[in-house]
Amino acid sequence: MTVLNVVNVTFSYPGRRVLEDIEFTIKGGELAVVLGPNGSGKTTLLKIIAGLLRPDNGTVLLDGITIHDMSIVERARKIVYVPSELPLRGLGQSVAEFVASSRYVHYRGLVIGPRREDLEYARKLLDMLEVGHLANKPLYTTSSGELQRALIAHGLARNADVMIIDEPTSHQDMYGKLLIYHVLKKAASDGKAVIVATHDMILASLYADRVIVLFNGSKVVEGDPRSVLTKDVLAKVYGVEVALASFNGYTVPVPLKPARKR
Ligand SMILES: Nc1ncnc2c1ncn2[C@@H]1O[C@H](COP(=O)(O)OP(=O)(O)OP(=O)(O)O)[C@@H](O)[C@H]1O
Ligand SMILES: [Mg+2]
């Protein structure tokens, strides 16, 4: 089973400490959600776990091996990072070609384009995310929400043991939000370790096996959503007063008003 250990990770951008002594473990089969206010270090932490940034201290181990010692290709086969936005949308590349290009890290030798079976796989994933009708459209013609679903399909196409996704539902309508978490939950139940950063407390409460809350560069609390997302924690971390709504065995925080200025 996949085991990802984040061990005492500390990280600074020039002149600014962003993460201090962060420690947690995620296993295959789990959907873990990282929460925390704007600027609390979620994206930075995800980039470190993906191997895109190197911690100043501490390490990240995947099945006992330091991910920063792996080659870029080896790491990319095992860990896929899905950013919250795509800076470039490809020049004329179709949506299916974009998704299939996630498979390139598994190819050996010269890459001259996606293989037929990978394009078929890409179409299947796009269907699963209910954007299959866009498969042949140029990527640059997609709407923000459609592009976000294509990005998630791109992440899934890698078939990596660890999937790291930054704000996967920021552009989704109500239906899309549920669809995406449903798909991510399925990826976890297939054995992947799925790590998501989000601001969506409701979805985190409904879908997360575990939540990790960052505040001022430190992990303040970790555990199952119901025990972590309490009125006190949300007041302290977000400065928001919430009501807790309970139904069907779930407890979901509903924001009421700003509790104090942070
Ligand atoms: N490349 C960079 N150079 C310097 N500072 C940075 C850089 N990237 C991020 N930061 C700073 O590090 C802090 C953490 O940023 P990060 O993007 O990890 O936060 P976040 O929790 O993902 O926030 P958000 O919820 O707004 O996405 C912020 O204060 C940000 O301004
Ligand atoms: Mg972020």
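Author: Happy to! Let's start with β1 (residues 3-13), which runs antiparallel to β2 and is joined to β2 by eight bridges. Helices (H or I, at least four residues) and strands (E, at least two) are DSSP runs numbered from the N terminus, and two strands pair if DSSP finds at least two bridges between them. This is a predicted model, in which local features need pLDDT of at least 70, side-chain atom pairs count only at pLDDT 80 or more, and totals for chains, interfaces and linings use all residues. Residues are numbered from 1 along each chain as its sequence is written, while chains are lettered from A and ligands numbered from 1 in the order in which they are written.

Reader: Thanks! Which residue in β2 is the bridge partner of Leu-4?

Author: That is Ile-26.

Reader: And what is the strand order in the open sheet of four strands?

Author: The order is β2-β1-β4-β5, with antiparallel pairing. The edge strands are β2 (16-27) and β5 (65-66), each pairing on one side only.

Reader: Switching to the ligand: which residues are around ligand 1?

Author: Tyr-13, Arg-16, Val-18, Gly-36, Asn-38, Gly-39, Ser-40, Gly-41, Lys-42, Thr-43 and Thr-44. A residue is near a molecule if its C-beta atom, placed from the backbone, lies within 6 Å of it.

Reader: Which elements give two or more residues to that shell around ligand 1?

Author: β2 and α1 (42-49) do. The largest share, three residues, comes from α1.

Reader: How many nonpolar, polar and charged residues does the shell have?

Author: Two nonpolar, seven polar and two charged. Here Ala, Val, Leu, Ile, Met, Phe, Trp, Tyr, Cys and Pro count as nonpolar, Asp, Glu, Lys and Arg as charged, and the others, Gly among them, as polar.

Reader: Now the open sheet of six strands: what is the order there?

Author: β6-β7-β8-β3-β9-β10, and the pairing is mixed. At the edges stand β6 (79-82) and β10 (218-223), each with a single partner strand, so one side of each has no neighbour in the sheet. On average, neighbouring strands of this sheet are turned by 15° against each other, direction ignored.

Reader: How many bridges pair β9 with β10?

Author: Five, with β9 (residues 210-215) and β10 antiparallel. Val-211 stands opposite Gly-223 in β10. The two strands form a hairpin with two residues between them, and Asn-216 in the turn has a positive phi of about 50°.

Reader: Which strands of the sheet does α1 touch?

Author: α1 packs on the sheet and touches β3 (31-35), β6, β7 (162-166), β8 (193-197) and β9. Its direction makes about 155° with that of β8. Axes are lines fitted to C-alpha atoms, for helices over the stretch in contact, and angles run from 0 to 180 degrees between N-to-C directions. Two residues are in contact if their C-beta atoms, placed from the backbone, lie within 7 Å.

Reader: Where does helix α6 lie?

Author: α6 (residues 174-189) lies across β3, β7 and β8, running at about 150° to β8.

Reader: One last topic: at what angle do α4 and α5 pack?

Author: Helix α4 (residues 116-128) and helix α5 (residues 144-157) pack at about 130°, with their axes 9 Å apart. Tyr-121, Ala-122, Leu-125 and Leu-126 in α4 meet Ala-150, Ala-153, Leu-156 and Ala-157 in α5. By class, this contact has eight nonpolar residues, with no polar and no charged ones.
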